[in-house]
Amino acid sequence: MKKLSVCVLFGGISPEHEVSLRSAEFVLNCLDPEKYNIFPVGITKSGDWILYTGTDYSLLPTGEWQHYPKNRRAAISPVRGQGLLSFEGDCVVREWIDVVFPVLHGENGEDGAMQGLLQMAGIPYVGPHVAASAVSMDKTLTKLVADQAGVTQADWLLVRAEDTETRMDSVITQVEGRFSYPVFVKPAGTGSSVGVSKAADRDGLKSALLQAGVYDRKILVEEYIRGKEIEVAVMGNSNPVASVCGEIDPGAEFYDYDAKYLTDTSVGYIPARISEAVEEEVRDTAVRIYSAIGCQGLSRVDFFVTDEGDRVVFNEINTIPGFTSISMYPKLFAASGIPSDALVDQLLELAMEAAK
């Protein structure tokens, strides 16, 4: 049987660069070299593309992969049929690529930009296509789709960064007229809780708005929902399925970037500590929002289940969820009976199926 040629894209210029390196290490170690020709392509923080020619994927999180002696500069050509180009002196080497697994979190990775390049190149790729990626990446657009789909979510307000720079007092008054403290403040277009803050008072709100404005010109302010943080993994094209539910106890003010990746304060529970009826509602709602946005391949959908009344409240969707050794997406499907190597195989098959 012919081997599939798989290009795994990782790194990138976003603040989530380091998370992407760890996700790529995990995905690459799941790929069986007996089944696949593997082409790991990393994008540095400065935007250079490098074909990593080594096989020790533990060098990715440390950054040592960039300096492997046989590396070559690389690019994916937007011209159909050219595939992956790498450069040796004055020579160009062309490699046919059957499918790309973009493990690029954040800006230019999961916002539709990379998906647009791959679409032009005619190369199948894992995950949602351009429009669904863009909508899912922009939390304010996700909110609009959820509203139209009738999905329960936290009350929210869009703030523009330029307004915080020219009339901060008016913005704060508007927020305080809409919500009680605490509130969550998020850049509209980042993942992994980058730039997200929980503001407990006016001074905290001002700091949170300024911090969020560093990452995006659109800022989302949300009401605080007191409850359990529940995550569910979704996979599929026309008939998506949801995993068992997982629960995150952040062990901190909230499940921020540090709690996710840098500290050991958070604790995960699989299955989540919710009733069967609530779990079924979460899973059904996850598939509902996934389909409403037009996702395919995979996504992780996050919810709150309120402490009072077990109300299911949609939080956000992540179209390229973390694939680190501690990430919920692979762990949730492992708990659902699909081990990580089989999960990666299925995601590649779904990408090929969607391209047809």
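Contact here means heavy atoms within 4.5 Å. This is a predicted model, in which local features need pLDDT of at least 70 and side-chain atom pairs count only at pLDDT 80 or more, while totals for chains, interfaces and linings use all residues. Residues are numbered from 1 along each chain as its sequence is written, and side-chain values use heavy atoms, with hydrogens and water left out.

**Helix α10**

- Ala 286 is found in helix α10, where helices are DSSP runs of H or I with at least four residues, strands are runs of E with at least two, and both are numbered from the N terminus.
- Leaving aside residues up to four places away in sequence, Ala 286 touches Val 232, Val 234, Val 301 and Phe 303.
- Between Ala 286 and Ala 242, the C-alpha to C-alpha distance is 7.2 Å, although 44 residues separate them in sequence.
- Thr 285 also belongs to helix α10, which covers residues 276–293, and Thr 285 counts as buried because its relative accessibility is 11%.
- With residues up to four places away in sequence not counted, Thr 285 touches Val 151 and Phe 303.

**Strand β7**

- Strand β7, residues 99–103, is mostly covered, with five of its five residues buried.
- On one side of β7 the buried residues are Val 99, Phe 101 and Val 103, and on the other they are Val 100 and Pro 102.

Terms used: Buried < 20%, exposed > 50% of the residue type's maximum accessible area, 1.4 Å probe, protein only.
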